[in-house]
Number of protein chains: 2
Amino acid sequence: MGGSMLDKAAVILECFSPSGGPYRLSELSERAGLPKPTVHRLAGDLVRLGWLERSGPQYRLGAKLFELGSLVPHRLDLRETALPFLQDLFEATRETVHLGVREGMEVVYLERIHGHEALRLPSRIGGSLPLTCTGVGKALLAFSGPELMEEVLSRPLPSLTPYSITDPTRLRMALEKIQVSGLAYEEQEAALDVSCIAAPVFAGGTTVAALSVAVPRSRFSPAQLAPAVRTAALGLSRVLRGSG
Amino acid sequence: MGGSMLDKAAVILECFSPSGGPYRLSELSERAGLPKPTVHRLAGDLVRLGWLERSGPQYRLGAKLFELGSLVPHRLDLRETALPFLQDLFEATRETVHLGVREGMEVVYLERIHGHEALRLPSRIGGSLPLTCTGVGKALLAFSGPELMEEVLSRPLPSLTPYSITDPTRLRMALEKIQVSGLAYEEQEAALDVSCIAAPVFAGGTTVAALSVAVPRSRFSPAQLAPAVRTAALGLSRVLRGSG
DNA sequence: CCATACTGTTCCGTGTCACGGAACAAAGTT
DNA sequence: AACTTTGTTCCGTGACACGGAACAGTATGG
């Protein structure tokens with residue numbers, strides 16, 4: 001473990017997650033826990049391959065990774081078929097729209113579209129967050145079977161804000177409400193002053209994704225948003241059913 | 001060259017570009033030009049790292065690559081700030097919208113948004129095409145300095161369709177028109193039955209990107225589209241000027 | 001049912017090339 | 001100018017990547 005050259009390269013690349021920011025050789029060496037000459041050599045190789053880029057003393061992730069990452073098949077397909085529905089949802093609400101899938105005990109965001117307003121959020125395309133703190137996550141969790149739900153509920157619940165639900169009993173009740181209504185609500189559990197409403201996307205009998213719309217708390221009006229989110233999720237589910 | 005373990009791993013991963021489709025061990029071995037046991041061992045390592053995924057006998061690109069690829073900084077920043085303008089452009093035209101940057105003698109697409117209509121195009125997020133055959137490419141080429149233009153014009157011009165411009169003289173004239181008008185037109189040069197109109201995006205005195213709208217030939221009406229494309233490109237340029 | 005032609009996998013002796021401490025150079029800091 | 005930290009080169013050692021060969025599964029078809 002931690003032996004081969006590939007492992008070391010992977011450790012170096014993962015130093016850039018999630019911050020992505022540029023690092024210098026020494027910082028990389030420290031973060032990766034590898035001796036400096038080793039990082040020097042490997043980073044040089046990675047630059048040669050286009051997986052890292054170097055400007056002066058700064059290393060950053062390279063273009064080749066973007067190219068390869070864009071080809072990851074399951075991600076690509078879902079994103080492509082979902083995009084029109086996300087567009088519809090955006091146009092209907094003019095708010096920030098998300099598409100996410102479950103990966104283990106986390107939600108990974110595949111797409112995120114928004115208008116000119118900033119809306120500071122912890123979500124990022126390709127980034128992951130706890131299932132329990134976000135609208136998309138709760139929608140996924142509520143419809144991914146009781147085993148996973150119990151598994152998640154049995155562990156300490158992470159929190160992103162003071163409003164994140166950390167009490168298993170409260171979370172269980174919330175999830176049951178979601179199962180009944182088919183819609184997940186979230187208020188300031190992922191970011192302060194942001195509320196969110198999400199709906200699951202089904203295909204072939206299982207939950208494959210969820211989409212959501214996030215809005216500033218002041219503008220949050222569930223009655224307006226709920227139908228749009230539900231419509232988009234159902235539309236996407238229908239198309240996925242047809243092709244998959 | 002072709003020596004170290006990393007190089008071999010890179011060769012294997014690049015087998016998935018641009019088709020992305022799943023491959024079996026033997027196919028990988030052949031495509032990569034590496035002996036079967038070697039690919040077996042390396043692919044196993046790559047799976048362990050999350051760079052590849054394996055379902056039965058099929059190998060495909062893994063989730064970790066998507067995650068890392070989404071963090072590539074220059075790409076991420078530009079995409080994020082451009083998105084609202086792409087949305088505007090999409091809403092104004094309701095047609096397929098592209099954002100691309102130049103990389104060497106090719107255009108790389110960073111974003112591509114569209115509605116429910118399919119519109120078969122060779123462009124793909126993360127994918128690259130010749131500068132000379134696409135609207136975005138021609139816009140980038142026309143505003144990337146005379147050295148690059150001459151360099152490109154001095155080489156054989158690739159073609160994606162029978163309508164792609166392969167005559168250097170004709171291309172030079174087209175580029176000069178683009179320089180004057182600030183808009184690039186393209187008709188069926190990248191895909192049959194698809195026309196396109198593109199505009200460059202400037203920041204800090206250089207051309208950093210271009211955006212375009214692609215429409216079925218039957219619906220192509222430059223007078224409608226040109227102002228929208230120009231507006232979006234100028235808006236994005238202004239914001240980039242402010243923050244870059 | 002066995003022959004045939006593939007696949008994917010394990011084995012293992014060989015030799016290469018990755019390794020990282022140490023020494024050096026370059027660039028800041030006080 | 002003395003000192004600290006960073007980036008880079010060197011090189012002897014030994015771990016481990018290598019891939020041919022042999023084996024084991026799995027589809028085709030006589």
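Which residue forms a salt bridge with R94(B), and how far apart are the closest N and O atoms? The partner is E91(A), and the closest N and O atoms are 2.6 Å apart. Please keep in mind as you look around that this is a predicted model.

## Where the chains meet

On the chain B side, the elements that give two or more residues to the contact include helix 1 (5–14), helix 3 (36–49), helix 4 (63–69) and strand 4 (106–113). Helix 5 of chain B gives the most, with 12 residues. Sorted by class, the side of chain B that touches chain A has 28 nonpolar, 11 polar and 17 charged residues.

How many residues does each chain bring to the contact? Chain A supplies 56 residues, and chain B supplies 56 residues. Together the two chains bury about 5,000 Å², with 65% of that on carbon and sulfur atoms. In chain B, the residues that lose the most area to chain A are L6(B), F66(B) and L71(B), which together make up 15% of what that side buries.

## The sheet of chain A

Now turn to chain A, where six strands form an open sheet in the order 5-4-3-8-7-6, with antiparallel pairing. Why is one side of strand 5 (128–130) and of strand 6 (184–187) left without a neighbour in the sheet? Both strands of chain A stand at the edges, and each has a single partner strand, so one side of each has no neighbour there. On average, neighbouring strands of this sheet are turned by 30 degrees against each other, direction ignored.

For a closer look at one pairing, follow strand 3 (residues 96–103) and strand 4 (residues 106–113) of chain A, which pair in the antiparallel sense over seven bridges. Here E103(A) stands opposite E106(A) in strand 4 of chain A. Helix 6 (residues 135–142) of chain A lies across several strands, among them strand 3, strand 4 and strand 7 (194–203). Its angle to strand 8 (206–216) of chain A is about 150 degrees.

## The sheet of chain B

Chain B has an open sheet of six strands in the order 5-4-3-8-7-6, with antiparallel pairing. Strand 5 (128–130) and strand 6 (184–187) of chain B stand at its edges with a single partner strand each, so one side of each is left without a neighbour in the sheet. From one strand to the next, the twist averages 30 degrees.

Within this sheet, strand 3 (residues 96–103) and strand 8 (residues 206–216) of chain B pair in the antiparallel sense over five bridges. The bridge partner of L99(B) in strand 8 of chain B is L211(B).

## Backbone details in the loops

In chain A, one joins S17(A) and P18(A), with omega at about 5 degrees, and P18(A) is in the loop between helix 1 (5–14) and helix 2 (25–32) of chain A. In chain B, the peptide bond from S17(B) to P18(B) is cis, with omega near 5 degrees; P18(B) is in the loop between helix 1 and helix 2 (25–32) of chain B.

Finally, visit L119(A), in the loop between strand 4 and strand 5 of chain A. L119(A) has a positive phi of about 55 degrees, although it is not a glycine.

Methods: Residues numbered from 1 in each chain as written. Chains lettered and ligands numbered in written order. Predicted model: local features only at pLDDT ≥ 70, side-chain atom pairs only at ≥ 80, totals over all residues. Heavy atoms only, no water. Contact = heavy atoms within 4.5 Å. Buried area = accessible area lost by both parts, 1.4 Å probe. Salt bridge = Lys/Arg side-chain N within 4 Å of Asp/Glu carboxyl O. Helix = DSSP H or I, 4+ residues; strand = E, 2+ residues; numbered from the N terminus. Nonpolar A, V, L, I, M, F, W, Y, C, P; charged D, E, K, R; others polar. Pairing = 2+ DSSP bridges. Axes fitted to C-alpha atoms, helices over the stretch in contact; angles between N-to-C directions.
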